[in-house]
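Student: I would like to learn how to read helix packing and a ligand shell. Where do we start?

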Amino acid sequence: MMKFDNKVVVITGGNSGIGLASAKRFRELGASIAISGRSAEKLDAAKAELGVGAIARSVDVTSVDAITAFIEEVVDAYGKIDVVVASAGGVTVRPFAAMDERLFDEDLDRNFKGAYFAAQRAIPRMQPGSSLIFLGSAAGSKGFQGMSVYGPAKAALRNLVRVLATELGDAGIRANLVSPGPIPTPGMDRLGLPEDELEKAKAGFASMVPLGRMGAWALLRILPTPSSISHRTKPVMSTAPRSLSMAVWRKFEKRLQQRHRSKGMDQ
Ligand SMILES: NC(=O)c1ccc[n+]([C@@H]2O[C@H](COP(=O)([O-])OP(=O)(O)OC[C@H]3O[C@@H](n4cnc5c(N)ncnc54)[C@H](OP(=O)(O)O)[C@@H]3O)[C@@H](O)[C@H]2O)c1
């Protein structure tokens with residue numbers, strides 16, 4: 001199994017859902033973890049799960065000062081940053097006509113600005129071989145009713161990683177966007193919809209998946225071996241809907257390993 005001993009992983013939105021699942025997995029693999037979120041209660045619970053040494057801080061990602069202070073605290077504690085997972089985000093579902101300025105700013109800032117500045121503040125503390133991972137969404141590529149800010153914010157992240165690939169290539173820092181399909185997380189219950197509409201929306205999301213159900217977050221399922229993590233063209237993570245059979249995954253992993261070997265990436 002690959003190891004992340006001596007790697008420092010920062011996860012915004014790490015006290016819930018995808019961010020917390022990612023933090024736990026990185027922790028199992030030996031990484032030092034720093035998570036942020038808003039709810040102090042959820043941060044305490046997450047810290048207890050992550051164990052001794054994990055940093056858990058309340059950081060509103062819409063505040064650049066707060067993000068900067070968090071990144072500096074992590075560097076003071078661990079001396080460096082190897083991976084940033086920008087998972088903080090969320091959506092308030094509203095028809096376009098009903099979107100007001102406050103909701104507009106909230107969805108744009110927590111999904112785009114927060115990830116943008118978390119990356120910008122961390123990059124000077126990252127060495128070649130480090131990795132930025134942004135959480136996109138299918139809503140960033142498709143049009144979904146009621147997501148007139150969330151969708152464009154996620155689309156902006158998609159473009160941001162392309163820009164960063166051109167700017168950070170020489171520094172050996174990779175930028176990747178992962179766009180999960182629907183994953184049942186606490187975030188799914190925070191769409192800002194009345195109960196009956198929420199249930200309909202969830203059923204609608206599940207029906208968009210060919211297997212008719214939501215996926216499960218399986219970050220790191222196909223992470224490269226640590227020796228190859230410094231290769232900047234290599235994919236670093238994937239969502240793996242649990243509904244895919246293990247046989248399919250093994251085939252996929254095998255193909256990926258063969259491709260890496262053929263490119264000399266496992267040296
Ligand atoms: N679940 C899905 O189906 C799905 C699909 C595609 C993409 N995504 C993306 O995946 C990421 C994680 O979502 P999730 O489903 O795991 O949702 P979640 O469980 O609600 O987690 C969202 C996280 O973001 C944090 N957060 C939200 N606004 C914040 C702010 N202003 N400042 C700081 N932290 C903030 C939350 O902190 P608190 O809990 O403390 O408020 C929480 O830790 C999001 O970027 C989401 O857009 C999710």
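Tutor: Start with the ligand. A residue is near a molecule if its C-beta atom, placed from the backbone, lies within 6 Å of it. Keep in mind that this is a predicted model.

Student: How many residues surround the ligand, and which are the closest?

Tutor: The ligand is surrounded by 29 residues. Gly-13, Gly-17, Gly-89, Thr-185 and Gly-187 are the closest. By class, the shell holds 14 polar, ten nonpolar and five charged residues.

Student: Which element gives the largest share of that shell?

Tutor: H1 does, with three residues.

Student: What describes two packed helices?

Tutor: The angle between their axes and the distance between the axes. Take H1 (residues 17–28) and H2 (residues 40–50): the angle is about 20°, and the axes are 10 Å apart. Angles under 35 degrees count as roughly parallel, and H1 and H2 are therefore roughly parallel to each other. Their crossing is right-handed.

Student: Which residues of H1 and H2 meet?

Tutor: From H1, Leu-20, Ala-23, Lys-24 and Arg-27; from H2, Ala-46, Glu-49 and Leu-50. This contact has four nonpolar, three charged and no polar residues.

Student: At what angle do H3 and H4 pack?

Tutor: H3 (residues 64–78) and H4 (residues 101–122) pack at about 40°, with axes 9 Å apart. H3 and H4 are therefore oblique to each other. H3 passes H4 in a right-handed crossing.

Student: And which residues meet there?

Tutor: Val-64, Ile-67, Thr-68 and Ile-71 in H3 meet a set in H4 that includes Phe-117 and Arg-121. The contact of H3 with H4 has six nonpolar, two polar and one charged.

Methods:
Residues numbered from 1 in each chain as written. Predicted model: local features only at pLDDT ≥ 70, side-chain atom pairs only at ≥ 80, totals over all residues. Axes fitted to C-alpha atoms, helices over the stretch in contact; angles between N-to-C directions. Helix = DSSP H or I, 4+ residues; strand = E, 2+ residues; numbered from the N terminus. Parallel < 35°, antiparallel > 145°, perpendicular 65-115°, else oblique. Left-handed = near helix turned anticlockwise from the far one by under 90°. Contact = placed C-beta atoms within 7 Å. Nonpolar A, V, L, I, M, F, W, Y, C, P; charged D, E, K, R; others polar.
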